[in-house]
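Here's a quick walk through a protein model, written for someone who would rather look than read tables. Have the viewer open and follow along.

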Amino acid sequence: MEEKRVKAIIFDLDNTLIETRRAGEVAIQKTRELLKATLALDDPAATIICDRFKQKLLQESFDPSAGRTIEEVRVGHWEESIRDVTGHRPAPSLAPQCYSLWKKARLEVLVLSPETRSLLKQLRASYKLLLLTNGVAEVQREKVRAAGCEELFDAVVIGGEHAEQKPSPSIFTLCFHMLDADAKDCVMVGDDLDADIQGGFNAGVRATVWISSSGRRIPNGSVEPDYTIATVLDLPGVLAQLETGL
């Protein structure tokens with residue numbers, strides 16, 4: 001029996017539609033210069049502070065019920081990173097200043113390219129579109145606002161606003177319900193093999209599309225995406241293959 005046409009596309013946000021990795025690099029560079037000027041540090045010392053902050057971000061486990069805001073937690077990351085390297089507690093204003101600069105600089109880069117915006121408008125004429133992103137609710141909502149992309153989607157689902165995030169099947173089931181579509185009607189597009197591709201595979205989507213912008217190879221033992229493309233702008237070619245059954 002001939003397969004039904006694709007009805008809906010579920011998109012990841014970070015490093016799929018917006019350049020979160022590059023934005024982070026820009027923000028860190030600006031904050032490093034602030035640290036060098038404020039604390040009279042050489043570049044290696046300021047770099048170590050920034051590297052420690054990045055490591056804390058990677059290890060971060062934010063619990064909104066714990067009584068601290070995400071801003072307080074991340075200001076704390078900067079304060080601890082500075083103290084660990086310099087050996088003393090920084091001036092009370094420095095860690096908040098670092099966080100504010102880092103956040104502002106990062107959000108300034110987190111915009112949709114004109115080409116990506118045009119693509120989403122084009123796709124929405126033929127498909128339902130849903131944005132599904134993991135992360136702290138406040139942080140991800142800020143990214144969506146910075147990108148100015150909510151109007152381009154039929155629905156936006158933020159993992160941090162729900163009991164489970166990608167790759168949990170429950171959040172995909174929620175997406176299918178919001179799209180009024182079956183799993184087999186949907187395509188999942190994202191850059192994270194574990195969250196996006198494995199999650200889509202487990203949920204039974206029609207196809208998974210992996211964004212491998214830097215030519216990354218699939219690690220041994222990892223899930224195999226149905227399609228691999230270098231940029232989301234290559235997605236129409238995949239959709240054409242799905243529509244023709246190739």
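**A walk through the model**

Let's start at one spot: Asp-180 counts as exposed, at 65% relative accessibility (exposed means over 50% relative accessible area, buried under 20%, partly exposed in between, with a 1.4 Å probe and protein chains only). Asp-180 also has a positive phi of about 55°, although it isn't a glycine. You'll find Asp-180 in the loop between H7 and strand E4 (186–190); helices (H or I, at least four residues) and strands (E, at least two) are DSSP runs, numbered from the N terminus.

Before going on, some ground rules. This is a predicted model, so local features need pLDDT of at least 70 and side-chain atom pairs count only at pLDDT 80 or more, while totals for chains, interfaces and linings use all residues. Residues are numbered from 1 along each chain as its sequence is written, and side-chain values use heavy atoms, with hydrogens and water left out.

Ala-40 has a positive phi of about 55° and isn't a glycine, and it sits in the loop between helix H1 (20–39) and helix H2 (43–59). With 68% relative accessibility, Ala-40 counts as exposed.

Now for a peptide bond: the one from Lys-166 to Pro-167 is cis, with omega near 10°. Pro-167 belongs to the loop between strand E3 (155–158) and helix H7 (169–179).

Zoom out, and the protein chain shows nine helices and six strands. Its C-alpha trace spans about 70 × 40 × 35 Å along the principal axes. Of the 246 residues of the chain, 47% count as buried. Look at contacts (heavy atoms within 4.5 Å) between residues at least 6 apart in sequence, and 62% of them join residues at least 24 apart.

What about the inside? Rolling a probe the size of a water molecule over the atoms shows where empty space is left. A cavity is a set of points, on a 1 Å grid over the protein atoms alone, where a 1.4 Å probe fits but cannot get out; lining residues have an atom within 4 Å of a point. The structure holds one cavity of 30 Å³ or more, and the largest cavity has a volume of about 60 Å³ (the space filled by probe spheres set on the points, which are joined across faces, edges and corners). Its lining includes Arg-74, Tyr-99, Trp-102 and Glu-142. Helix H4 (94–109) and helix H6 (137–147) each supply at least two lining residues, with H4 giving the most, five.

Methods. On a 1 Å grid over the protein atoms alone, a cavity is a set of points where a 1.4 Å probe fits but cannot get out, and a pocket is an open set with protein on both sides within 12 Å along at least five of seven lines; lining residues have an atom within 4 Å of a point.
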